[in-house]
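Here is a friendly walk through one model, from its strands to its helices and its core. Please keep the 3D view open as you read.

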Amino acid sequence: MSVRDAEELEALLGDPADDANPYGFAAAVGRDERDEFPAEFCAELARAGFHLNYLPKEWGGTFEAFDRSLTLVRSAARRDVNIMPGTMFSIIAATCLQLHGSVEQQQLAAEVLRGGGAVGFALTESAHGSDLLANEVALSADGVLDGEKWMVGLGLRCEAVYVVARTGARGPGAFSAVLLDLRDVPAGQLERLPAAATNGMRGIDLARLRFTGLRVPDGARVGREGEGLEAAVKAQQAVRLMSMAGSLGIADSAVRIALDFAAVRKVGRAVLASSPWPRRELSVAAAALLAADVSALTAARGVHVVPEAFSVWAPAAKHVVAESCEELVRRAGAVLATRSVLREGERGAGLFQKLQRDTAVVRVIDASTLANLKSYAGQVPTLTEGGASAADPEALSAVFALDAGLPAYEPERLDMFARGADPVLAALPDAAAEVSAALAADPSAAPVAALVEELAAAVAGLGGLTRAARGPGADPNALVDAAERYAWLHAAGCAVHLWRANRDRPLYGTEPGSAGWLGAVLGYLLARADGTDPRRRGAVLEPALDAALALRESGLLFTALPVRLATNRREES
């Protein structure tokens with residue numbers, strides 16, 4: 001069996017609010033309290049073929065496109081984000097092997113993964129964290145592996161592991177990769193130990209792998225000597241797409257809990273959803289959620305069309321999604337007030353605290369906020385000052401028109417460095433002019449048109465900002481700050497292109513051509529780009545809340561093309 005889409009998965013897993021549902025919220029909170037791995041949940045997903053949705057068809061998988069996989073994963077993750085590492089941690093090793101593995105190595109990984117097993121990915125070390133060039137685990141010239149890797153996903157149970165080890169003296173070319181079949185490792189050469197427990201995503205399998213004189217078999221070296229780190233960095237671009245799905249799953253549940261509460265809880269004669277202060281907080285949360293959805297969805301489509309830009313696009317989208325989801329959880333908690341901290345005594349007690357803890361872990365699971373920004377800060381000047389020709393209109397249409405077919409994903413086109421202008425922002429002047437003209441026909445859309453023009457001016461100023469960041473006497477943090485501003489503006493550019501390409505479609509449950517959601521998203525993203533409180537954007541954010549309330553009332557996922565959620569009676573497969 002293989003689930004075809006998120007609605008089919010929803011029907012299979014049933015209503016998460018049903019306390020008797022083993023794939024629901026109550027079960028997730030119970031596992032969290034016990035620090036328990038979601039074994040039964042992962043097994044059910046495996047029976048449904050969920051684990052095949054990121055494997056290429058030539059490996060026996062069902063992968064079609066990242067936007068489909070993104071929606072499938074967030075649908076499951078809204079119930080318990082722990083299923084994402086429980087079923088998806090092998091994606092980075094699989095991508096590395098797609099990039100430079102031999103046919104035999106790919107066949108080994110495919111065999112393990114099709115069977116529901118795991119291939120671990122061992123890159124980081126406790127003493128060095130994100131400073132990968134300082135890593136010490138070494139593979140000697142005669143093929144002996146020594147040292148300890150840290151925070152290896154599914155490391156306690158994986159059947160194989162992709163290891164990046166030092167084979168040279170210095171620089172990125174000093175690291176090579178090996179694929180080890182752990183079923184054949186002699187006793188005493190490998191020790192698997194639990195990693196330090198995390199405060200969120202409790203019970204997931206993170207391990208330390210300690211290699212002691214492990215002799216690497218012939219044929220285990222992946223690719224050429226010195227390209228292990230390069231392949232790993234490229235592969236992490238795909239991993240960030242899936243971590244965004246985890247953030248969005250948490251965000252969906254957090255906002256839904258707050259809206260459920262605000263729809264019935266009264267202060268005086270008014271429900272919270274219509275009271276000024278809670279409504280403003282909920283409007284910020286809803287705008288943040290829609291902004292995160294725009295960023296993740298367009299990135300998931302963009303990787304098929306312009307993978308060469310993803311050394312920047314992926315970490316920029318990761319930043320926007322992670323930071324937006326962290327904020328919306330905080331805003332939702334402010335509305336819930338005391339009920340955001342209750343562990344018992346009421347239906348759903350304990351769930352919101354789990355969401356708070358989980359989002360903090362997903363935010364840093366593939367890179368800390370600073371490491372993520374630094375990973376592309378040096379490329380921002382190229383994207384904003386490169387002077388490259390505008391992006392191919394047909395390519396942009398393929399990314400942003402949600403009914404357009406996508407080309408096959410080609411991981412070999414991923415690059416370490418973006419070359420030329422950002423295709424999203426290079427095409428923004430023309431897109432902004434067209435959108436502003438279209439909005440001018442509707443006087444009520446004048447505030448949105450003003451935001452589009454504000455965005456165009458902000459993007460035009462990015463080149464000067466990055467030049468100043470590299471100039472004499474510049475603040476040492478200036479380039480990282482420019483990278484953060486770039487991320488928010490890039491996401492805003494994606495929102496403009498998305499509206500432009502889908503004017504005849506009802507996005508976020510609104511009428512075709514509705515500009516309310518666009519204004520809310522731009523208002524939120526421009527505030528974040530300026531480092532100001534989004535609440536200052538005021539009423540322009542409210543259409544996001546109206547859209548979220550309508551989607552909630554209709555039982556739909558909070559995404560551009562809404563997915564029908566499970567009813568309150570579980571359907572048996």
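Which residue in strand 8 is the bridge partner of Ala177? The partner is Val222. Please bear in mind that this is a predicted model.

**The strands**

Ala177 belongs to strand 5, residues 175-181, and strand 8 covers residues 221-222. These two strands pair in the antiparallel sense over two bridges. Strand 5 also pairs with strand 4 (residues 160-166), again in the antiparallel sense, and here there are seven bridges. Strand 4 in turn pairs with strand 1 (residues 119-122) in the parallel sense, over four bridges. The table below gathers some residue pairs to pick out on screen.

| Residue | Opposite residue | Strand of the opposite residue |
|---|---|---|
| Ala122 | Val163 | strand 4 |
| Arg166 | Phe175 | strand 5 |

Seven of the seven residues of strand 5 are buried, so the strand is largely enclosed by the rest of the structure.

Because seven of its seven residues are buried, strand 4 is largely enclosed by the rest of the structure.

**The core**

The largest nonpolar core holds 200 residues. Those with the most contacts inside this core are Phe66, Leu145, Tyr162, Leu180, Leu328 and Trp517. Helix 8 (residues 228-264) supplies the largest share of the core, 19 residues. Nonpolar side chains tend to be buried together in soluble globular proteins.

What does Leu328 touch, leaving aside its neighbours within four places in sequence? Leu328 is in contact with Ala251, Ala254, Val255, Ala285, Ala288 and Leu289.

How do helix 9 (residues 276-305) and helix 20 (residues 516-530) pack? Their axes are 9 Å apart and the angle is about 95 degrees, which means that helix 9 and helix 20 are roughly perpendicular to each other. From helix 9, the contact involves Val284, Ala287, Ala288, Leu290, Ala291 and Val294, while helix 20 brings Trp517, Ala520, Val521, Tyr524 and Leu525. By class, this contact of helix 9 with helix 20 has eleven nonpolar residues, no polar and no charged.

Helix 8 meets helix 21 (residues 542-553) with axes that come within 11 Å and cross at roughly 90 degrees. Helix 8 and helix 21 are therefore roughly perpendicular to each other. Arg256, Leu259, Asp260 and Ala263 in helix 8 face Leu545, Ala548, Leu549 and Arg552 in helix 21 across the contact. The class count for helix 8 with helix 21 is five nonpolar, no polar and three charged residues.

**Helix 2**

One more element deserves a look. Helix 2 spans residues 25-34, and its Phe25, Ala28, Val29, Gly30, Arg31 and Asp32 are buried. The buried residues of helix 2 pack against helix 3 (39-47), helix 8 and helix 11 (351-362). After helix 2 comes Asp35, with a positive phi near 55 degrees.

Conventions
Residues numbered from 1 in each chain as written. Predicted model: local features only at pLDDT ≥ 70, side-chain atom pairs only at ≥ 80, totals over all residues. Heavy atoms only, no water. Core = buried A, V, L, I, M, F, W, Y, C linked by side-chain atoms within 4.5 Å. Buried < 20%, exposed > 50% of the residue type's maximum accessible area, 1.4 Å probe, protein only. Contact = heavy atoms within 4.5 Å. Axes fitted to C-alpha atoms, helices over the stretch in contact; angles between N-to-C directions. Parallel < 35°, antiparallel > 145°, perpendicular 65-115°, else oblique. Nonpolar A, V, L, I, M, F, W, Y, C, P; charged D, E, K, R; others polar. Pairing = 2+ DSSP bridges.
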